[in-house]
Amino acid sequence: MHEPCVRTTRTVVRGSFAGREAELQAAARTLDNSFLRGRPEVLLISGHRGVGKTRLLEEIVNLAEAREFQTILYRIGAPRARLPASGSAIIAELARKLAASSDDRGESVRHFAEFTIEAIEAIAPELLRSDRNGSDTANERIVSLVVSSIRRMFGLCQSAPKVVVLLDGLHSADAYTLAVFEALAQSATSLPIVAGASYRPGEANQRQDVSNALEACAGIASHITVQPLGEHHSIGLLESIVGHGVAPDLARALHATTAGIPELLVGVASEGLDLAEQQRFGEMVPPKIPAQLYRLLEDWLGPPSRLMDAAAVLGHDFDAAIVGRVADRDIAEAQHLINRLENAGATTSRYKGGTTFNFAAPLIGTFCYARVNPAFRADMHQRVIEAYDRNNLCSGKFVVGEFVHHLLGANRPESVARALAVAESGKA
Ligand SMILES: Nc1ncnc2c1ncn2[C@@H]1O[C@H](COP(=O)(O)OP(=O)(O)OP(=O)(O)O)[C@@H](O)[C@H]1O
Ligand SMILES: [Mg+2]
């Protein structure tokens, strides 16, 4: 009944691990509280793409095993050959853990799990067919079936083990897996279970059913928000990937351009680092982005578009109005793009709910800029200058160096001459 995608510590391959002391302490408190104080515990771990949720979960598995928990780390979306309804693998794995610690009644636990999976899989197609965002009775039936099944399986154990079940990537869970998570969270109120899930907040917000599942356990959940790494830990991660020290200037520059997002750090170092890299990332247009990083960013951002080109040319502090103007598109279209990028964690606004955006890491902007067709690039720089001349930009933030950058980017004889004059006088 073992599923390869349901992992325990021994099957997880780990590299080195940087930082996250506070997050691990919070997770350790959750584990300890649940059993010392007999409190139900649900652990929610949120963070944008590539920030390190999965890696943190792997470390939490370590913590849990050191505290003698049986642990299940379930990767949502991993292909599963044997069980048609995805969440069944969790029940199967839970049964396996319980059977192993229930002496002579292990067989009964396993049979019971098989029976439950069959019963649930009869309902699952109805649930999976139903509207993704609609609530329906199939969900409730599955939740209550799984809750009672979990209770019965625990009831069959002589001395029930402490169990942690962590679901990685709840934002992309199908309806059945969500129902299993809800059932686990409910069971955690009366059984020695800690239920946990990681998710990307922007994508979870886009789905009513995921938001409902998260809200349902918000009252009893401990919440960890995973942020990018600080400079010290970014450098530690880079050095552990390349296997040697990294020149301090280069290390700081790489931390700055990736904003400490671990997946970007892994990407920039994926082909090793040498001193030539110092020029590479110091320039606006890197001549070469490692193939692994290129694929990651393409997947993250989607295909280029004129609006994305405009945002890349602006570079930072852009809003829908200015992106629309530079791209010659209407504001609504620009707003749609910005919302999509923000939900994907590729752009951020400095203030919650703010309207002025930046790329989540300068490297993301650099990548987008490198994708702009050079023939359009000059024209877009020219449009930024025109917008500036009409005094339509947030002029306070528009510094001379940037203006010169746009003048040079426009690459017309008059703009190059103006760039020289501006640079000399220090005034736009
Ligand atoms: N603290 C860390 N120390 C070392 N490596 C890390 C750390 N955090 C993340 N990484 C590495 O960075 C990459 C991205 O991390 P991870 O896959 O955990 O991100 P994620 O938040 O789960 O992203 P996604 O939302 O796409 O699932 C991985 O290669 C991971 O091993
Ligand atoms: Mg992940």
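A residue is called buried if 20 or more other C-beta atoms lie within 10 Å of its own, exposed if 12 or fewer, and partly exposed in between, with C-beta atoms placed from the backbone. The model is predicted: local features need pLDDT of at least 70, side-chain atom pairs count only at pLDDT 80 or more, and totals for chains, interfaces and linings use all residues. Residues are numbered from 1 along each chain as its sequence is written, while chains are lettered from A and ligands numbered from 1 in the order in which they are written.

**View 1. Leu-407 in helix H19.** Leu-407 belongs to helix H19 (residues 400-410); helices (H or I, at least four residues) and strands (E, at least two) are DSSP runs, numbered from the N terminus. Leu-407 has 26 other C-beta atoms within 10 Å and is therefore buried. Two residues are in contact if their C-beta atoms, placed from the backbone, lie within 7 Å. Apart from neighbours within four places in sequence, the contacts of Leu-407 are Ile-385, Ser-415, Val-416, Arg-418, Ala-419 and Val-422. Gln-382, 25 residues away along the chain, has its C-alpha atom 7.1 Å from that of Leu-407.

View 2. A nonpolar core is a set of buried Ala, Val, Leu, Ile, Met, Phe, Trp, Tyr and Cys residues joined through C-beta atoms within 7 Å. The largest one here has 124 residues, and Met-153, Val-165, Phe-181 and Val-323 have the most contacts inside it. Helix H6 (residues 175-187) gives the most to this core, with nine residues. Because 13 of the 13 residues of H6 are buried, the helix is largely enclosed by the rest of the structure. From first C-alpha to last, H6 reaches 18 Å, close to the 18 Å expected for its 13 residues at 1.5 Å a residue; the expected span is 1.5 Å times one less than the number of residues. Val-165, leaving aside neighbours within four places in sequence, is in contact with Ile-72, Tyr-74, Ile-90, Leu-94, Leu-184, Ile-193 and Ala-195.

**View 3. The shell around ligand 1.** Ligand 1 is surrounded by 20 residues, the closest being Gly-52, Lys-53, Thr-54, Arg-55 and Pro-262; a residue is near a molecule if its C-beta atom, placed from the backbone, lies within 6 Å of it. Helix H2 (53-66) and helix H11 (262-268) are the elements that give two or more residues to this shell. Domain 1 (6-225) and domain 2 (231-282) both contribute residues, so ligand 1 lies between them. The domain bounds come from an automatic or database domain assignment.

View 4. Arg-20, although not a glycine, has a positive phi of about 70°. It sits in the loop between strand E1 (6-7) and helix H1 (21-36), and is buried, with 20 other C-beta atoms within 10 Å. Glu-68, also a residue other than glycine, has phi near 65°. Its loop runs between H2 and strand E3 (70-75). Glu-68 counts as exposed, with 9 C-beta neighbours inside 10 Å.

**View 5. Tyr-369 in helix H17.** Tyr-369 lies in helix H17 (residues 362-371). It has 20 C-beta neighbours inside 10 Å and so counts as buried. Asp-309 is 60 residues from Tyr-369 in sequence, with 6.6 Å between the two C-alpha atoms.
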